Amino acid sequence: MSAMTEAAEEREPRAKASVEETPLPASAPRPIRCAARGVKKAFGKTQILKGVDLEIAEGSFAVLVGPSGCGKSTLLRLVAGLEEADEGKLEIAGRDVTRAPPRDRDIAMVFQSYALYPHLSVRDNLAFGLRLKKTPQAEIDKRIDEASQMLGLGHLLDRLPKQLSGGQRQRVAMGRAIVRRPNLFLFDEPLSNLDAALRAEVRVEIRRMHERLGATTLYVTHDQVEAMTLADTLWVLNGGLVEQKGAPLDVYARPRTKFVATFLGSPQMNLAEGKLQKASGGGFVAEGGGMALEVDVERFGAALEDGREVALGVRPHDLRVAQPGESPSLELRVEIVEALGFEAYAYGWAKASGPRVIVRLEAEHARRARPGDVIPLVAPPEHVHLFCQKSGVALDAE
Amino acid sequence: MTLRRPLLVLVALVLALAAFACGGATSARRITVWHAYRGDEERALKEVAARYEVERGVKVTLLSVPFDAYLSKLQAAVPRGNGPDVFIDAHGRLGTFTKEGLVADASGAIGEADVARFDETSVRALTQDGKRWGVPLATKCLALFVNTRLVTSEIATLEDVQKLRATLPASAVPLAYEAHTTYYHVPFLHAFGAELLGSAGDFAMVGRGAEDSVALVRDLTKDHVVPDEPSGALVKQLFVQGQAAVVISGPWLLSELRDEVPFKVQPLPTVAKTGKKMRPYLTVEAAFVTPDGAGKPDAVGFARWLGDDASARTRALVGKQVVATKSAWADPEVARSSALAAFHAAAADAVPTPTSTRLQATWVPADQAIKKVLRGEAEPKAALDEAKARFDDVMRPPPPSPSPAPVMLLAGGALLALAYFGVRRARAPGFRAELTRSLPVYRYVIHAVVTVCVLVVLPLVAGAATSFFAGGRGETRFVGFENYAQILTARGGALLGHGSFYLTLLVTILWTVLNVAAHVGIGLALGLALARPWLRLKAVWRVLLILPWAVPSYVTAVAWKGMFHRQFGAMNAILTAVGAPPVSWFSHFSTAFTANLLTNVWLGFPFMMVVTLGALTSIPKDVLEAAEVDGATRWQRFRHVTAPLLLPQLLPSIMLGSVWTFNMFNVVFLVSGGEPDGTTDILVSEAYRWAFTRDSQYGYAAAYAVLIFLLLFVATRLLGARVDRAKAKVA
Amino acid sequence: MDDKPSVLERVVVHLLLVGAVAFALYPVLWVVSLALSQGGLSGTGGVVPLPRAPTLENFRLVLGTTDPDGAWLFGRQLANSIVVSLATAAVGIAVAIPAAYALARFPFVGKEAGVRALLATQMFPTVASAVPLYLLLDKLHMLDSRGGLVLVYAATSVPFAIFQLRGAFSQIPVDLEEAAMVDGATRFQAFVKVTLPAARPAIAVTALFAFMSAWNEFILAATLLSREDAFTLPVVLQRYVGEHDAAWGSFAAGAILVSVPVMALFYVAQRELVSGLTAGGVKG
């Protein structure tokens, strides 16, 4: 797959050679607060992490995203000190903490299950960590006050966890992390137990909290919406390796592998296997699955070869209905139309034997589209993605 | 990760307890006396001891030891110097005492010159190998209690009693006594010139005389001279309520009698047919000095003190004892109690109970033989011959000492196999890393491992090791696998013959299966009933139904035994109320087994109910709702959803419950006591019998215990595998 | 399930419950009646057990026992039972908790074998171990003492307690301890401050079982104790059933006095009993 899979000795050169990573947001370079270097971890015979490098800049919000089993939670638990790495090194705030127990790492964590102490009131849950550190009571009260104001927990302080709703529990769990004022915040899929509406609300809240506290954060999720909306830096994990990292929009716009391309974006990117063909005007056309997509030659440059086997992809949002007279890239035979009101998705085929193709339709087209219709579509070249059919790596990242 | 703090606390606790235990240093002027007296007798003993304390300045600690534990406590404590200095017990165990060295020669307490001060028979009873082993205190023997209102004539012969039948009203019986108990039958035996134990220690209750004596009692019962199945409680009640003209009983009945009936006591009559007296066994209660006590002048002095004139007077007046000190009977106040005097007279004719350790083994077979004849299940000759065969079986000589090779080989083989697997395991790749990772964890388990190993496993292993030895206490020797061989071959008898391992095993399995089925059935039904959402007062129902669990099991067992009492039990009261004839619960296997079963079901169903209730809460409601939506009926929902989800959760409890039931000693031993004829015994109670009522064959009992363990271990391993499979299926 | 049960279901369930309660209560009533009667077995009778001449004499007799110095013997013996049973529960639980926790949380070499051995101890008839135990305690100089009794009881209660607690601990989410460790606790602190409190119901029930086993035991107590003022109540009770006669009235009165505290504990703990047993799952 990528150079990152290579052995640990090549770590240094690889850092430089690694793919066109879009630079971090323009602000001045900040020191690294947390780093993992060449981390490996196996459970029994299953190798979960196969050598992962990770860096989180001071005050930034890093999101680890990936399908289940990709190792993201394991990586988080390694950072937390709940598991010990087999190989590699972990640093937090400049200190090697590879073998340090959790309590010596000065971190706070929000668990997927919230892990509220069932026998303690909300107040005591919040105070738990501070009391262990023998923080003066006045200071504890002050911090609990702050946190409960920020999260609106004031009226819940004397309740037991079992007397709280799911959303309230989630906020207590965050409060418990906030009062600690740790070096690093860790979130382990904190929203997965909430319903959709609440999830959106709390997501905003988490981002707001981050803006306000500016705390360095590592956040694990399998939900791409959370990943896209929350992250300063997105780390996409797959099969125990970092598949791509970067600002969320850059990763979205320039997926480095077929996996990243399909993992991010909903509905998924349309993909088909096909071939490159040299076009008359010196350009290239990628043909496959009933589509003939014009390619951005500047973007792919030398990787373009006549007859090369590629996977071609275009996101449903990037297809548009062809103007009258315009030559379409594909003709979609509609099977089903999903109308969402402000937009609609049409599902169908460009070719009977080809893969399913999805397209987002503007409201005006959506109203008219019926199953059985044939809609001519155009894919703008700048939105056409090409991947090597064998390695799955984007042609512009090889 | 440190566990040092709780470890320290635990160690401190243990040390504190140990210090607590060792407290109370002994001073030289202090003696300990054991006895099994209650009530008046205890009061008298205390008075006598108090006087000794004042007079001699010695602290006398009196300990009343429960009768059931008396001998085993002596056997355990005396050899290790933890026993008493002086103890009071019946002379019948003298053989055991001398054999095991529990007593010292008591010549210091009763010298040559003192012999004349005591009743001649009582001194004779305590003399063995030309030595006097104890100071005779009191005698107990059977005598005749005569209701002087019902009986105006003199009773000189048993035939006189028989004749009363004609003159008494139908509601009254001429003679009441515990006819099915050998101890009470001994006078009849003697009247026919027979004996219970022969001079060679053989079972002598066979032959013409013995057969005739048993036949006589059978005829008495048939002619309604003697009531059916008279228990001690019934005998007492019949006499107290004036419904028995004459009863045979001992001095212990005196304390139960108030002024309800006018009565007199006289020695047992003669059987006119043979012209011989009905001579009962004489029990001489004596003060014995232990080897420890023999070294203390205060202890020897106390034994002597107990038998002196003043003490005897107190024991007679306060303790209402039939004292063996002659001078007491010259005291006018003592002589005023005609009943005591009558017992004293009866004692003169009585036969001292043999002191041979073999006597102990005669009671059970003899009891069974008498019961069989009285129930009409066998002719006297057949019954008594069978009893002799059983006695000989129990008293069979211990097998010869074989070479220890087979046991050593097996032990060596086991060790070798263990070592082999250990080494193989240790050589397995990754073992070292695994072990390193495990090391910190051992700090969590070390307390439990040490505690359980020392206080649970070690005694069990030591107990199991005795299974390679045979013979009673003091004469044990190594016999290798002989105990096992004898058990597994039913000692040469029929494999499913009476008392064989296999028959007992079958009974045990039947017992376990029926019990567990009932526990689970009732527990499940009640659990499901209590889980009805609409049921009101759930907490009340639950508490009422849990009640049996809160009662100690031996209380339950003894109480139920009382409820199954032939005459006074609640069960027969219920049967009578619904018009059914009362049942003699413990004279048939089926009813006795049912009695045990009912008791144990009562004892055990709340546990399964609670387990079911708990397991029910873990069944997701939506699954049941889904089934309901799918159109399943109530029964189908239970059959196809609830039950399959419930069962795997219940299985571990069922397994544990089965193990407990398999070894449920208390109920079987206390309710039916194996009646009738040991048929309802399960393996554990059978093992107990070998250890404690059959000539102390601990090794044999231990072999039983080991076999029980092996059976359960294999069975649970097989079942466990099935449980895991069942669980895997649901998960 | 149905909200509205049929009349038939109501009737069947209530019949079942009433029948079971009658079965459960009848022997208890019988013992109570016996305790209130004079004259032993014949003092009570009938289908509904009622004392013929109700009296508290038996209770007076049992409660009023004194030793030669006039001290209240029953009080001493009651205190013995309470002290021994409480200490048994405390020591048994203290020993079982760390082991059960380790079994629930960590893999380690010898775990399987250990569990199997623990289970095996439950299968060996205890009849076989009384004499060796006596010898052992004698060596430790703990014979005739409450301490020795407590050690023996506690040790015998440990295997079952471990099974119970292992089940309970494995049901407590690991997350809780991890949260505590991230919050700055050592593993031990996490265990003490989070896991133990969360397992409270199961621990209470397990302690109740250990308490009960000690409170009801009499074979070992009768063997190991030799001073009357050191006796526990079951030994006292056993003495009422003697060689020639059974003092049924005293036995029944004593039985009630022994059973009432356990019943009270059961009443208090009944809710935890259900949840605690479930948590334990009595997993073999």
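Colleague: What makes you say that helix 5 of chain A is largely enclosed by the rest of the structure?

Modeller: Please keep in mind that this is a predicted model. A residue counts as buried if 20 or more other C-beta atoms lie within 10 Å of its own, and 11 of the 13 residues of helix 5 of chain A are buried, so the helix is largely enclosed. Among these buried residues are Gln168(A), Val172(A), Met174(A) and Ile178(A).

Colleague: Which elements do the buried residues of helix 5 of chain A pack against?

Modeller: They pack against strand 6 (107-110) and strand 7 (184-188) of chain A, and also against helix 3 (122-132), helix 4 (137-151) and helix 6 (196-213) of chain A.

Colleague: How do you know that the length of helix 5 of chain A agrees with its number of residues?

Modeller: The expected span is 1.5 Å times one less than the number of residues, and therefore the 13 residues of helix 5 (residues 166-178) of chain A should span 18 Å. The C-alpha atoms at its ends are 19 Å apart, which agrees with that expectation.

Colleague: Why is Ala115(A) called buried?

Modeller: The cut-off is 20 or more neighbours, and Ala115(A) counts as buried because it has 26 C-beta neighbours inside 10 Å. Ala115(A) sits in the loop between strand 6 and helix 3 of chain A.

Colleague: Why is His224(B) called partly exposed?

Modeller: A residue with 12 or fewer neighbours is exposed, one with 20 or more is buried, and the range in between is partly exposed. His224(B) has 13 C-beta neighbours inside 10 Å, so it falls in that range. Its place is in the loop between helix 8 (208-222) and helix 9 (232-240) of chain B.

Colleague: What is there to remark on in the phi of Ala115(A) and of His224(B)?

Modeller: Most residues other than glycine have a negative phi. Ala115(A), although not a glycine, has a positive phi of about 50 degrees, and His224(B), which is not a glycine either, has a positive phi of about 60 degrees.

Colleague: What makes the peptide bond from Ser266(A) to Pro267(A) worth a remark?

Modeller: Most peptide bonds are trans. The bond from Ser266(A) to Pro267(A) is cis, with omega near -5 degrees, and Pro267(A) is found in the loop between helix 9 (258-263) and strand 11 (270-278) of chain A.

Colleague: Which domains does the assignment give for chain A?

Modeller: The domain assignment gives domain 1 (3-258) and domain 2 (267-397) of chain A, and 37 Å separate their centres, taken over C-alpha atoms. Their contact takes six residues from domain 1 and eight residues from domain 2 of chain A. The side of domain 1 that touches domain 2 has two nonpolar, one polar and three charged residues.

Colleague: How do chain A and chain B compare as whole chains, in their helices and strands?

Modeller: Chain A has 11 helices and 20 strands, whereas chain B has 29 helices and 16 strands. Of the 398 residues of chain A, 42% count as buried, and in chain B the buried residues make up 49% of 731. The C-alpha atoms fill a box of roughly 75 × 55 × 45 Å in chain A and of roughly 90 × 65 × 55 Å in chain B.

Colleague: Which chains share the most contacts?

Modeller: Of the two pairs of chains in contact, chains B and C share the most contacts. That contact takes 112 residues from chain B and 102 residues from chain C. Helix 18 (residues 431-465) of chain B gives the most to the side of chain B that touches chain C, with 19 residues, and this side divides into 83 nonpolar, 21 polar and eight charged residues.

Colleague: How many residues does the contact of chain C and chain A take from each?

Modeller: The contact takes 16 residues from chain C and 17 residues from chain A. On the side of chain C, helix 7 gives the most, with seven residues.

Colleague: How do you know whether chain A and chain B are joined or apart?

Modeller: Two residues are in contact if their C-beta atoms lie within 7 Å, and no such contact joins chain A and chain B, whose closest C-alpha atoms lie 10 Å apart.

Note on methods. Residues numbered from 1 in each chain as written. Chains lettered and ligands numbered in written order. Predicted model: local features only at pLDDT ≥ 70, side-chain atom pairs only at ≥ 80, totals over all residues. Helix = DSSP H or I, 4+ residues; strand = E, 2+ residues; numbered from the N terminus. Nonpolar A, V, L, I, M, F, W, Y, C, P; charged D, E, K, R; others polar. Domains from an automatic or database assignment.
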